[in-house]
Structure formats: C-alpha cells, structure tokens
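Good morning, colleagues. Please look at the sequence and the model as I bring them up.

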Amino acid sequence: MKNRIYQPDRRIGVWIDKNKVYLIKISSENPALIEQIDSDIIERMDETGEAPYTEQTPFSRQEKRQHHEHNSQLKFFQLIISHLKNEQYAFIFGPGTIKQELINAIEKEGPHFPCKVVGVEAADKLTNNQMIQKVIDFFTSLRFEDAKRRLLAKTD
C-alpha cells in the first residue's frame, strides 16, 4: 500500500473577455492572488475605421482584419493556457462567447492536460473583490465537488 502525501488542489478562476483576462488563484494556505493579462485581440484601426494594412493582396480588408483577430486570439489563449499548466482545476467565467472558445483551445491540448475545466458561468464586469468571492464561492460549492467527482470517475 502506497502512502499518499496530501497535496491541496490547485484551483484557478479565469474571468475572460476579448480585452483581458483575470487569473484568480486560490488556496487554503495563501490569500487569493489575482493577475490581469491584457489582450491585443482588438483589431487596430486607422482614422477611416479600417485596419491598417498596406500590402496589396487579393484579400479584402475585412478578411485581413478577421485573420489578424483570429491569430491574436490564438496567441492570447496560448498565454492563458501556459498559466493553467500549473493548476489542477479551472472555473471559467465572463461575458460573451469567448469562454467557450477558450475551453475549446484547452480541449485541443488533449486529455492529459493537467488543468480540468470544472465550471463555466456567464458574468458581467466585476470588481476584483467580486471576482475573488465568485471563485471562492464556486470552489466551496457542491457544483465543484460534483464536477470533481465526475472527473475522478472518468479516470478510474
């Protein structure tokens, strides 16, 4: 029989919108830590409201803007995922559909990615204290315990 050393769960809340992400790390040993990372997904515009592309190609300005936005979003997601690699459980919340796009990017990392998404919720703009409280509330709820139990059942 192996002796198991108790290691507390590494939990993180991720509030995300197109402009920024807040990473809220909680643990029983330390106070909550919050980190903001800004995104460059917003396409740069010139005075005419057009994206500033100078080269002549058969692509329209709209196609170039969409391509730029898509590539910026992928880089943003990879930056977030690099922070999630050290965590065990993630709760993702925020406005819009970008939450699901982030989840899809995490799922592309494969089933052996160490951080598992255990909750998703819509949430508008919140203060830092409200975000911290929302993450604490989620990770102390029965929803989290149920999601964790389902994850463990999948791996057995």
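Let me begin with a definition: a residue is called buried under 20% relative accessible area, exposed over 50%, and partly exposed in between, with a 1.4 Å probe and protein chains only. Pro114, with a relative accessible area of 38%, is therefore partly exposed. Before I continue, please note that this is a predicted model, in which local features need pLDDT of at least 70, side-chain atom pairs count only at pLDDT 80 or more, and totals for chains, interfaces and linings use all residues. Residues are numbered from 1 along each chain as its sequence is written, and side-chain values use heavy atoms, with hydrogens and water left out.

Where does Pro114 lie? Its place is the loop between H2 and S5. Helices, labelled H, are DSSP runs of H or I with at least four residues, and strands, labelled S, are runs of E with at least two; both are numbered from the N terminus. Contact here means heavy atoms within 4.5 Å. Leaving aside neighbours within four places in sequence, Pro114 is in contact with Lys85, Glu87 and Gln88. Gln88 is 26 residues from Pro114 in sequence, yet the C-alpha to C-alpha separation is 5.8 Å.

Turning to the whole chain, we have four helices and five strands, arranged along the sequence as β-β-β-α-β-α-β-α-α. Of the 156 residues, 36% are buried. Taking contacts between residues at least 6 apart in sequence, 63% join residues at least 24 apart.

Now to the sheet. In general, strands of a sheet pair through backbone hydrogen bonds, either parallel or antiparallel. The five strands form an open sheet in the order S3-S2-S1-S4-S5, with mixed pairing. Its edge strands are S3 and S5 (116-122), each of which pairs on one side only. On average, neighbouring strands of this sheet are turned by 20° against each other, direction ignored.

How many bridges link S1 and S2? Strand S1 (residues 11-16) pairs with S2 in the antiparallel sense over six bridges, and a hairpin of three residues joins S1 to S2. Within this pair, Arg11 stands opposite Ile26 in S2. S2 also pairs with strand S3 (residues 33-38), again antiparallel over six bridges, and here the hairpin runs through six residues. Lys20 stands opposite Asp38 in S3. Strand S2 (residues 20-26) has six of its seven residues buried, so it is largely enclosed by the rest of the structure.

Finally, the helices. Axes are lines fitted to C-alpha atoms, for helices over the stretch in contact, and angles run from 0 to 180 degrees between N-to-C directions. Helix H1 (residues 61-84) packs against helix H2 (residues 98-107) at about 65°, with the axes 10 Å apart. H1 is therefore roughly perpendicular to H2, a term that covers 65 to 115 degrees. Which residues of H1 meet H2? Gln73, Phe77, Ile80, Ile81 and Leu84 in H1 meet Ile98, Glu101, Leu102, Ala105 and Ile106 in H2. By class, this contact has eight nonpolar residues, one polar and one charged. Ala, Val, Leu, Ile, Met, Phe, Trp, Tyr, Cys and Pro count as nonpolar, Asp, Glu, Lys and Arg as charged, and the others, Gly among them, as polar.

Thank you for your attention.

Terms used. Angles under 35 degrees count as roughly parallel, over 145 as roughly antiparallel, 65 to 115 as roughly perpendicular and the rest as oblique. Two strands pair if DSSP finds at least two bridges between them.
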